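Okay, everyone, thanks for coming.

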Amino acid sequence: MSLRPSRRALLTGASAVAAAAMLGGCDRLGNTEWFQRTLKTGEDANLFVQRLLLTERSLAPEYAEADISPWFKPNGTEDPPDKPYKALAKGKFAKYHLEVAGLVEAPFKLSLAELRKLPARTQVTRHDCVEGWSAIGKWTGVPLADLLTRAKLKPEARYVMFHCADTMDHGEDDGGSDDAQDAGSDEMTPVGNANPAMTKQAGTGESRKDAGGQQGSAETGASGGSPVRYYESLDLVDAFHPQTILAYDMNGKALPVSNGAPLRLRVERNLGYKQAKYVMRIEVVESFAHIGDGKGGYWEDQGYAWYAGI
Amino acid sequence: MARTYLTHSAPETGEVERRRWMFRHPVVIRITHWINAICLLVLLMSGLQIFNAHPALYWGNISTFDTPLMAMSSTEDDPPKGVTTMFGKTFDTTGWLGSSAGADGEPADRGFPSWLTLPSDQDLTGGRSWHFFFAWAFVLNGLAYLLYGVISGQLRFRVIPSRDQVRHFGASVWEHVTLRFPQGDEAKRYNVIQKLTYLVVLFVLLPVQVLAGLAMSPAMDAAFPFLLTLFDGRQSARTVHFVVAGLLALFVIVHVALVVLSGFWNNMRGMITGWFVIERKVVPAGVAGEPRA
């Protein structure tokens, strides 16, 4: 029995050393490319299995008007710093045109007034941010399927890209420390957030990889490089889904700038970072390998999964 | 399979201590046990990483930002304080929750501290990659365990209390709280509390945890709307997922503590090689005392 204390000390010591080594080891492992690729197979499996489970007619749950969130939390970019956008906003988007182009037989442009005249769909749906929170809003807009049908996709069309107005980074300078700083604090300090618990989180330099939605560091402005604007992509399964709309109204009123005026994507059954705000141009492509860093979206380029159903 | 031999005798009392080897854990159980252990640890730590992206919990479908059930944050002080609010009450949790040292040693605004999250830095997408991969591994491993357990009869033997155990439930509870571990033949099977605990973990906590995880997926909610009904909304599912993760962590802590207390090396050998030693004190005939076996 005299062995007891030393054995206990041995066990405690060994577990402490093992725990520390394991933590450091996991971090190092998580930074190796082969292991990252291995981990990503989990997300590939998510896409594969969810596509098996969902039919084209599986609708995201729709809610009653009474369920609408009193405040729909704007996330990411809340006021695009870009001059062309500001000019459009000043003129109440009267000069705005949505462009539909790329691998289509009949590219076209439509003004906001023309979009409003098209058949619309209204849905009260839940918005799930990748960070974990949810909000319910009522959206009215043009089904994306109608626009794509009108443009007539070419046979090689595979993806629909959404190019947005808001600048996120400035090209080569991306990844700098002030950039990270801004990405974090901008994301987590939404104007008007009444909850102190939510106002100061992840505001440090290590928060760069936290995608909340559309947010950037364009405020730091003067840095060089070509601007990297928010963009997203859908495959044709989600693009033609009946609940996929380009919304111009939120909760029965014109979409506010903080929530993506004049036009934002609503692709229910997907997380928040797919719901691109400030959509300017729709481009139908065969592959997005040549766009941005080639991962299919701004947050995808930062490491987030292209498939955002979970 | 079982070998019996004498190892030690005490001449004064005539007592003989017998050690009997028992092959306790078949290879499938041993492998699935350790894979499960790794999965649970990674899922817990990467889950806390994901939680840290929005360290607050709500009930219902939406986030009521002004009135969370629980929230962690840091104050504007220098150095910042970590604050946790729960059901409207506020606690100072500096260094643990809300604000704790980041990878560089400086105070960072984070829900759970870096030594509890995977990756240790704030990295939501990294946490999600770990979480999904190990969630798949956990589910497939768990299914393999259940399939084997049902076919081999191990599951029934391990987790369903037998009639005599149910009858002696009270005595068993008392033995458990006084940390007296069964010896002899009784040590060959799990006691009634162990069985009930495993039963609840296997067939309540783990399935609820998986379903609550799935209910947080907007695509799964479209495929199976009953998930939202089951949990009373997506934010409640997130809260349930968090609470059940805590209960599972508690189970693991108690499990490991009991492994250590009831003979660490014997238990470890049992779960690594399959062989487990059962100690049994036998008093030879003619010597006073009642045999306890």
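I'll take the contact between the chains, then some strand pairing in chain A, then a sheet in chain B. Before that, one caveat: this is a predicted model.

So, the contact between the two chains. On one side we have 56 residues of chain A, and they touch 47 residues of chain B. Which elements of chain A are involved? Counting those that give two or more residues to that side, we get the helices α1 (4-31) and α2 (33-53), plus the strands β3 (121-128) and β4 (134-143), of chain A. The biggest giver here is α2(A), with 9 residues.

Staying in chain A, let's look at the annotation. The UniProt record, an unreviewed entry, puts "domain: Oxidoreductase molybdopterin-binding" at residues 93-169 and 227-286 of chain A. How much helix and strand do we find there? For residues 93-169 of chain A, we get 18% helix and 51% strand, and the end C-alpha atoms sit 24 Å apart. For residues 227-286 of chain A, it's 7% helix and 48% strand, with the end C-alpha atoms 24 Å apart.

Now zoom in on β1 of chain A, residues 97-102. What does β1(A) pair with? One partner is β2(A), residues 108-111, in the antiparallel sense over 4 bridges. A hairpin of 5 residues links β1(A) to β2(A), and if you want a pair to click on, E99(A) has K109(A) in β2(A) as its bridge partner. Another partner is β10(A), residues 279-285, and here the strands run parallel, again with 4 bridges.

Last stop, chain B. Here 4 strands make an open sheet, and the order is β3-β4-β5-β6 (chain B), with antiparallel pairing. Which strands are at the edges? Those are β3 (56-57) and β6 (89-92) of chain B, each of which pairs on one side only. Look at β5(B), residues 82-86: β5(B) and β6(B) are antiparallel and share 4 bridges. Within that pairing, T84(B) stands opposite F91(B) of β6(B).

That's my tour, so let's open it up for discussion.

Definitions and conventions. Residues are numbered from 1 along each chain as its sequence is written. Chains are lettered from A and ligands numbered from 1 in the order in which they are written. This is a predicted model: local features need pLDDT of at least 70, side-chain atom pairs count only at pLDDT 80 or more; totals for chains, interfaces and linings use all residues. Two strands pair if DSSP finds at least two bridges between them. UniProt positions are given in the numbering used here, feature names are shortened, and annotations may be inferred rather than shown by experiment. Two residues are in contact if their C-beta atoms, placed from the backbone, lie within 7 Å.
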